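These are my notebook entries on one structure. I set down what I looked up, entry by entry.

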Amino acid sequence: MKRKLIGWVSFFLATIIWSLLFHLFFSSSDILQKEGISSHANALAKRHLKLWVVPKLRKLELESMRSTNAEWDFMGRSFLVWALANMALRDSSQKKEYLYVMDQIIDETLKLEKENTPYHFLMDYARFKPWVINPSRSIFIDGEISLMLAVRCFIKKRSDYLVELDNRVEIMVQQMKKSPVLSSESYPDECWTFCNSIALASIKIHDVLSGDDHSVFLKQWFSVAREKLIDQKTGLLISSYTQKGVHLDGPEGSSIWLVSHALSLIDPVFAKEQYELAKKYLGKSFVGFGWASEWPPSWQGPLDVDSGVVIPVLDIGTGSSGLAFIGAATFEDFDYYKKLRATLSFGGFPVDVDDSRYYAAGNQVGDAVLLYSEVLGPLWKKIRENNQ
Amino acid sequence: MKDIEESLKPKFNVVKWFAATPMFSPAGLIICALFIAGFYGLLNLFGLRVYTGILSGTFPVPATGKQLSAFYGFFYLISYFGFVFISPVLIITATIQTILYSILKISIKKI
């Protein structure tokens with residue numbers, strides 16, 4: 001009896017001790033360096049650079065992603081280009097190599113878009129309904145390509161890319177102006193704040209590069225968004241709506257973190273408000289681990305392919321948690337970022353091959369998002385400085 | 001003569017000792033912890049870690065097929081959680097038990 005009691009008391013104590021110590025085995029110290037590139041970011045980048053140098057590896061990676069979602073192929077490219085632009089600013093000795101890879105990605109993306117139409121990067125349901133705005137274009141594609149072109153040209157101007165950027169920005173602004181909520185469709189009669197905010201960031205950089213002035217349009221967008229695209233219960237921007245502005249999906253973790261990052265380039269105060277609200281309603285942490293939910297308690301929507309798997313009980317949205325890294329990095333929320341990293345180390349299943357790293361539980365787009373979160377900062381800062 | 005004496009001496013039998021070790025004793029707990037860790041290590045050796053891609057809806061080796069990938073991934077996850085949650089708790093439990101037995105002067109051999 002005495003031994004049994006000792007046994008159970010020991011087990012109970014051990015469980016408490018391990019629960020408290022557990023996170024220490026997964027915490028990282030090299031997070032969010034202000035200057036240079038951390039060893040972790042370097043290891044992640046090496047894996048991506050290898051994918052773009054070894055075609056066989058890239059083919060395998062893209063096949064596995066495209067079998068689930070064609071968008072991921074496209075977004076993986078975008079995040080990597082945006083990350084490399086920041087890395088070029090952080091380490092000028094590698095600038096030439098980074099520009100080379102950025103150009104490779106951009107050229108191949110433009111080629112695929114031209115040869116296979118933009119539907120190549122869209123999910124199949126894009127073909128099932130007619131587009132409202134004429135001519136039919138997806139701001140998901142135009143916005144991300146524009147931002148790729150814009151950041152590339154910001155690092156080093158290239159005349160053919162500048163022409164392409166000019167055209168796309170002109171088209172996007174015209175399309176957005178045709179909507180009462182100044183938003184263009186990502187999919188037929190489906191506007192996403194995610195895509196429109198990326199488009200806005202690209203318009204802003206385009207203005208800095210070209211000397212054009214879309215400041216009135218940008219101001220109008222924010223004013224309309226505050227009035228018509230806010231969820232009344234949380235104050236957060238909704239994630240999707242029709243071209244006329246009818247709300248579809250409420251605030252969504254896999255949108256809002258990136259939206260707050262993109263908008264911070266144009267209206268840092270509004271963007272910070274959105275980040276704080278997102279953290280309040282979606283951000284979670286417990287004994288050293290951090291994660292994010294996909295939906296706030298007041299709005300439970302259906303899970304889509306962007307949401308990723310949602311782990312019940314703890315309500316961990318994998319898509320939302322991944323993009324929360326970008327929000328936390330943008331607003332220098334080191335504590336939350338550190339907790340997110342602990343969760344990633346625990347449940348991301350890092351695989352180290354030579355001196356490169358990837359996370360087995362994610363995919364290339366997940367790793368690219370993570371890389372971007374680790375190196376973002378210098379680009380937005382420099383664009384703001386040039387704007388003044 | 002010496003050989004006969006030697007053969008009559010009782011030999012340490014690992015299987016018997018393992019079978020006779022109560023699971024909730026310090027030695028039993030350590031054995032369990034090592035067993036879980038060994039199982040996890042084996043799955044790592046077989047390269048099943050990559051199949052955790054199922055968590056993001058990605059199937060890392062298209063040739064394996066979705067169902068088999070999901071099975072491997074699930075199997076690996078179970079072993080991983082066993083390794084990070086259960087093994088350490090068992091080892092700490094064994095340590096605390098040993099300390100308490102020595103404080104309370106209970107013989108571990110008798111357990």
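**Entry 1: conventions.** I am working with a predicted model, in which local features need pLDDT of at least 70, side-chain atom pairs count only at pLDDT 80 or more, and totals for chains, interfaces and linings use all residues. Residues are numbered from 1 along each chain as its sequence is written, chains are lettered from A and ligands numbered from 1 in the order in which they are written, and side-chain values use heavy atoms, with hydrogens and water left out. Helices (H or I, at least four residues) and strands (E, at least two) are DSSP runs, numbered from the N terminus.

Entry 2: I looked up how helix α4 (residues 70-90) of chain A packs on α14(A): the angle is about 25 degrees and the axes are 8 Å apart. Axes are lines fitted to C-alpha atoms, for helices over the stretch in contact, and angles run from 0 to 180 degrees between N-to-C directions. The two helices are therefore roughly parallel; angles under 35 degrees count as roughly parallel, over 145 as roughly antiparallel, 65 to 115 as roughly perpendicular and the rest as oblique. The crossing of α4(A) and α14(A) is left-handed, a term used if the near helix is turned anticlockwise from the far one by less than a right angle, with right-handed if clockwise. In contact (heavy atoms within 4.5 Å) are residues including A:W72, A:F79 and A:W82 of α4(A) and A:V365, A:L371 and A:Y372 of α14(A). By class, I note 13 nonpolar, 3 polar and 2 charged residues in this contact. Ala, Val, Leu, Ile, Met, Phe, Trp, Tyr, Cys and Pro count as nonpolar, Asp, Glu, Lys and Arg as charged, and the others, Gly among them, as polar.

**Entry 3: α13 and α14.** Helix α13 (residues 334-347) of chain A packs on helix α14 (residues 364-375) of chain A at about 150 degrees, with the axes 13 Å apart. That angle makes α13(A) roughly antiparallel to α14(A). I found A:Y337, A:R341 and A:L344 of α13(A) meeting A:L370, A:S373 and A:E374 of α14(A). These divide into 3 nonpolar, 1 polar and 2 charged.

**Entry 4: α7 and α8.** At what angle do the axes of α7(A) and α8(A) cross? The axes of α7 (residues 159-177) and α8 (residues 193-210) of chain A cross at roughly 130 degrees and come within 10 Å. The pair is therefore oblique. Its contact has 10 nonpolar, 3 polar and 1 charged residues.

**Entry 5: strands.** I recorded an open sheet of 3 strands in chain A, in the order β1-β2-β3 with antiparallel pairing. β1 (191-192) and β3 (247-249) of chain A each have a single partner strand, so one side of each is left without a neighbour in the sheet. Two strands pair if DSSP finds at least two bridges between them. Elsewhere, 4 bridges join the antiparallel strands β8 (residues 350-353) and β9 (residues 356-359) of chain A. A:V353 stands opposite A:S356 in β9(A), and A:D354 takes a positive phi near 55 degrees in this hairpin, which has 2 residues between the strands.

**Entry 6: aromatic rings.** I counted 37 aromatic pairs over all chains; rings of Phe, Tyr and Trp (its six-membered ring) pair if their centres lie within 6.5 Å, and planes under 30 degrees apart count as stacked, over 60 as edge-to-face and the rest as tilted. A:Y125 and A:Y187 are stacked, at 4.4 Å centre to centre with 10 degrees between the planes. A:Y125 lies in the loop between α5 and α6 of chain A and A:Y187 in the loop between α7 and β1, so the pair ties together parts 62 residues apart in sequence.
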